[in-house]
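Here's a quick briefing to read with the structure open beside you. Have a look at it first, then we'll go through it topic by topic.

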Amino acid sequence: MRGFAMIGPNETGFIEKDDPEMGPRDALVKPLAVAPCTSDIHTVYENAIGPRHNMILGHEACGEIVAVGDEVKDFKVGDKVLVPAVTPDWSKLESQAGYASHSGGMLAGWKFSNFKDGVFATRFHVNDADGNLAHLPLGMDPGEACMLSDMIPTGLHADEMANVQYGDTVAVIGIGPVGLMALRGAVLHGAGRIFAVGSRPKTIEVAKEYGATDIIDYHQGDIADQILKLTDNQGVDKVLIAGGDTEHTFDQAARMTKPGGAISNVAYLNGNDVLKIKAADWGVGMSNITIDGGLMPGGRLRMEKLASLITNGRLDPSLMITHKFYGFEKIPDALELMHNKPADLIKPVVYC
Ligand code: NDP
Ligand code: ZN
């Protein structure tokens with residue numbers, strides 16, 4: 001098979017490998033569409049999870065099954081499928097404890113382009129096909145289906161972790177595709193006022209379409225100061241972090257959160273950084289503000305449920321897709337676009 005890989009830190013290229021080996025409960029899938037992710041950029045260019053060598057990149061895809069193991073019951077060759085970025089081992093104790101994304105160890109449910117070759121390949125391997133794949137809903141565009149791999153489940157996970165409630169005032173820090181989905185999730189959870197923090201005009205336009213009530217530009221001063229001023233110093237109930245920096249963002253989040261509120265993070269931080277929160281901003285340790293961070297839950301049930309948000313018109317993923325490429329060979333162009341983040345970019349997809 002052919003794949004677009006991280007050759008080593010800061011270096012990418014196409015490589016050839018043998019087709020992946022398949023167990024009795026697994027599947028091999030060929031991509032119909034793939035999408036690069038900011039996480040691919042953190043991995044290749046920022047050494048965020050340590051060096052990977054000749055590891056095929058990519059974890060966002062929609063595909064067609066080319067082979068299934070003998071014990072796979074619900075999928076057959078030729079089926080078109082949604083593929084989650086996180087494909088847990090459902091029998092592990094972490095899964096039984098409710099943290100399937102960490103099945104087998106910290107982040108170990110995230111296998112593609114982390115522990116094994118990813119989806120930017122002519123063939124890719126999916127463990128536990130019955131537990132992790134979902135049928136592509138009839139008529140769903142494969143490019144839009146790629147948003148179900150990671151952007152939608154990750155963004156919505158921020159709302160789940162923070163337990164966004166009817167009428168909550170919410171701040172979403174970062175309105176790239178992940179933050180936009182956190183924002184849309186807040187709307188679906190019944191939030192009232194929603195502050196969206198970002199600066200690029202295209203993301204601001206789409207944030208408003210998804211339901212942001214206030215836009216905060218982090219270039220215009222400290223975002224906690226701006227939000228406190230706009231809320232008569234009350235702050236917000238929930239802060240959802242999908243961007244920013246490790247130096248300031250968590251402290252700002254603590255400072256703008258009401259006592260008893262919640263902060264949830266889905267941004268992929270650099271492993272070498274240290275998070276800073278001034279104790280006073282966290283009620284000198286007694287604020288009752290919870291801070292959580294999570295990797296998107298994976299698996300089939302969640303994919304099927306989240307797909308129903310699209311098929312029933314609750315969430316329109318097409319607003320996020322600003323750039324379309326055609327042909328497997330265009331994957332490097334799409335990844336480079338993600339690397340450079342031009343002003344008009346939210347999310348590129350590649351139809352294979
Ligand atoms: P983007 O780079 O597209 O978006 C980042 C956002 O953060 C932009 O809106 C940007 O504003 C904003 N931002 C940048 N600097 C600051 C700052 N100092 N203060 C406040 N806001 C700031 O990223 P994505 O949406 O693609 O991804 C977001 C994060 O989620 C990434 O770290 C990604 O790796 C991670 N991720 C996590 C997953 C999980 O399971 N937990 C899965 C997938 C992704 P602007 O550009 O408008 O100036
Ligand atoms: Zn991703």
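Predicted model: local features only at pLDDT ≥ 70, side-chain atom pairs only at ≥ 80, totals over all residues.

**Around the ligand**

- Ligand 1 has 31 residues surrounding it, and the closest are Gly-174, Gly-176, Gly-198, Gly-243 and Tyr-268.
- If you want to find the shell by secondary structure, go to helix H1 (38-45) and helix H6 (177-188), the elements that give it two or more residues.
- Both domains take part: domain 1 (2-150 + 296-351) and domain 2 (155-293) each supply at least three residues to the shell around ligand 1.

**The two domains**

- The domain assignment puts 2-150 + 296-351 in domain 1 and 155-293 in domain 2.
- Where they touch, domain 1 puts in 18 residues and domain 2 puts in 16 residues.
- On the domain 1 side, H1 gives the most, with three residues.
- That side of domain 1 has 10 nonpolar, four polar and four charged residues.

**H6 against H7**

- H6, one of the helices in the ligand shell, also packs on helix H7 (residues 201-210), at an angle of about 15° and with the axes 9 Å apart.
- Angles under 35 degrees count as roughly parallel, so H6 is roughly parallel to H7.
- The crossing of H6 and H7 is right-handed.
- From H6, the contact uses Leu-180, Leu-183, Arg-184 and Val-187; from H7, it uses Thr-203, Val-206, Ala-207 and Tyr-210.
- Sorted by class, the H6 and H7 contact comes to six nonpolar, one polar and one charged residues.

**H8 against H9**

- Helix H8 (residues 223-230) and helix H9 (residues 249-256) cross at roughly 15°, and their axes come within 8 Å.
- H8 and H9 are therefore roughly parallel to each other.
- H8 passes H9 in a right-handed crossing too.
- H8 brings Ile-223, Ala-224, Ile-227 and Leu-228 to this contact, while H9 brings Gln-252, Arg-255 and Met-256.
- By class, the contact of H8 with H9 has five nonpolar residues, one polar and one charged.

Methods:
Residues numbered from 1 in each chain as written. Chains lettered and ligands numbered in written order. Near = placed C-beta within 6 Å. Helix = DSSP H or I, 4+ residues; strand = E, 2+ residues; numbered from the N terminus. Domains from an automatic or database assignment. Axes fitted to C-alpha atoms, helices over the stretch in contact; angles between N-to-C directions. Parallel < 35°, antiparallel > 145°, perpendicular 65-115°, else oblique. Left-handed = near helix turned anticlockwise from the far one by under 90°. Contact = placed C-beta atoms within 7 Å. Nonpolar A, V, L, I, M, F, W, Y, C, P; charged D, E, K, R; others polar.
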